[in-house]
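Here are my notes on the model, as numbered points. Please read them with the structure open.

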Amino acid sequence: MHWTNQSPIRTVGQMATATAPRVKAPMLRTTVGLKVFMAVTGILLVLFLIAHMLGNLKIFVGPTAFNHYAHWLRAIGTPLLPNTWYLWIQRTVLTVAVIGHIWSAAVLARRARAARPVRYAHRQPVQGSYAGRTMRWGGVIILLFVIYHILDLTTGNLNPVGDKQHPYANVVADFAPHRWYVTIWYVLAILAIGFHLRHGIFSALRTLGQQSQQWQRRSRAFALGFAIVLCAGYLSVPFAVLTGLVR
Amino acid sequence: MNLTLRIWRQRSPQDKGRMVTYQVSDVSPDMSFLEMLDVLNERLILEGEEPVAFDHDCREGICGMCSMVINGRPHGPQKLTTTCQLHMRHFKDGDTIDIEPWRARAFPVIKDLVVNRSAFDKIIQAGGYISAPTGSAPDAHSTPVPKPDADAAFEAAECIACGACVAACPNGSGMLFTAAKITHLGLLPQGQPERETRVLDMVAAHDDAGFGGCTNIGECTASCPKGIPLTTIGRLNGDFIKAARKRS
């Protein structure tokens, strides 16, 4: 029974006798630093999602308003900046944010995997929310959707009309009833974003220092409410096309 | 009660280990979980087999030594209860119970259900202390502490460093433990001088030990026998950001 004596690992007598050696990784490479980076890039992307949703809702005003809005996007910042310059600046910032968000998530996911080399034989389902458990794969689905979405409604390659001058027609053609599979894919992707934000917004606020019980409840409620409103805003467009409200 | 136990047996840190099935009969519902294992071990010794190694010390829920994952949950199914305070009345006659050690790279198995938790000591060494003048104890009212701060600090100080948070975390993160110490010391006036270096050093030691990062899922706080709140992690994050900005 004296197996501890044979063990090479001795713990007794080592406690708090000396401070640990101070070889430190750069702040950004610490788990907390990576999380902060993920939170900040995530918030940037959420701000874009808000603006994008508000723009989408212009479709209910009519084809002229919607097309005019789409053309205005190219002219933002003029005459201070040449045409489309602002758009490209924003695209660059968003791309950097997306890459940074995924990079930090990937580094943390790898560390999490390495942190438990032997799995449990019996593991209860995680008690945390469904949203919390699906952050990583949900993120992958969202990335695939964003790539498809750009090829569909920005470049027009995958759009049945693909007319850059008339985005309204592109949208209406996209969600036509006989292209039901596109609508389903769109709905699933938006729901994935909703779930991602339901946990992501709460998590980002916590990562940035939210620390009171009262605000924990509030930030959870805010994340849920925000995710629902955002989903409703985005989903209203394909459903309006599907039901003939927008034609 | 008659029970079927499936217990993780591992001879040494190098051994691969496996789940082994044991039958235990005549278990009293009033026994604690560890007493039930004592009964099994006495039988194993009589039969000339190696008894199951598990950590335990005070058996009154305050030392933080007992550490086993029971049916997939650290410290078993009862909330706010350590394994030693878990009683067999919470199980049914004929149940099959899976017993595994904490699973984390930072907590290597020494034998059977015993893991090496020195990684927590490393985190404490890195910053879990205050610089206080030694000598006779100061008067209790010489350094006033606001009551809400004292309460919150005490709540965090309840942490017994058992490691259930790590065992429960899907990322194998030790953030709840680290955050409990940051909160406990950072809320009190005595903890202010090291407040900034503490959070940076402890997070660095946490990462060096091979723990994963926190994803704010809250599995840790649900498994914590002392109910350390998840908000402590927000406090750690806030302190970290403040300290990191000052340093860079």
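1. Start with the surface of chain A. In this predicted model, eight named residues make a nonpolar patch there: Ile102(A), Trp137(A), Val140(A), Leu143(A), Leu144(A), Ile147(A), Leu151(A) and Leu158(A). Together they expose about 730 Å² of accessible area.

2. Which helix gives the most to this patch? Helix H6 of chain A, residues 135–154, does, with six residues. Leu144(A) sits in helix H6 of chain A and is one of the patch residues.

3. Next, a helix pair in chain A. Helix H8 (residues 180–207) packs with helix H9 (residues 213–242). The angle is about 165°, and the axes lie 8 Å apart. Angles over 145 degrees count as roughly antiparallel, so H8(A) and H9(A) are roughly antiparallel to each other. Is their crossing left-handed or right-handed? The crossing of H8(A) and H9(A) is right-handed.

4. What kinds of residue make the contact of H8(A) with H9(A)? The contact holds 21 nonpolar residues, four polar ones and three charged ones.

5. Now the charged pairs. Over all chains, the structure has 14 salt bridges. One of them joins Arg123(A) to Glu219(B). Their closest N and O atoms are 3.5 Å apart, and a salt bridge here needs such atoms within 4 Å.

6. Where do the two partners sit? Arg123(A) is in the loop between helix H4 (85–114) and helix H5 (130–133) of chain A. Glu219(B) is in helix H7 of chain B, residues 219–223. The pair therefore crosses between chains.

Note on methods
Residues are numbered from 1 along each chain as its sequence is written. Chains are lettered from A and ligands numbered from 1 in the order in which they are written. This is a predicted model: local features need pLDDT of at least 70, side-chain atom pairs count only at pLDDT 80 or more; totals for chains, interfaces and linings use all residues. Side-chain values use heavy atoms; hydrogens and water are left out. Axes are lines fitted to C-alpha atoms, for helices over the stretch in contact, and angles run from 0 to 180 degrees between N-to-C directions. Helices (H or I, at least four residues) and strands (E, at least two) are DSSP runs, numbered from the N terminus. Angles under 35 degrees count as roughly parallel, over 145 as roughly antiparallel, 65 to 115 as roughly perpendicular and the rest as oblique. A crossing is left-handed if the near helix is turned anticlockwise from the far one by less than a right angle, and right-handed if clockwise. Ala, Val, Leu, Ile, Met, Phe, Trp, Tyr, Cys and Pro count as nonpolar, Asp, Glu, Lys and Arg as charged, and the others, Gly among them, as polar. Patches are made of residues with over 30% relative accessible area and no salt bridge: like charges are joined within 9 Å, nonpolar side chains (Val, Leu, Ile, Met, Phe, Trp, Tyr) within 5 Å. Accessible areas come from the Shrake-Rupley method with a 1.4 Å probe; for residues, only the protein chains shown count as cover. A salt bridge is a side-chain nitrogen of Lys or Arg within 4 Å of a carboxyl oxygen of Asp or Glu.
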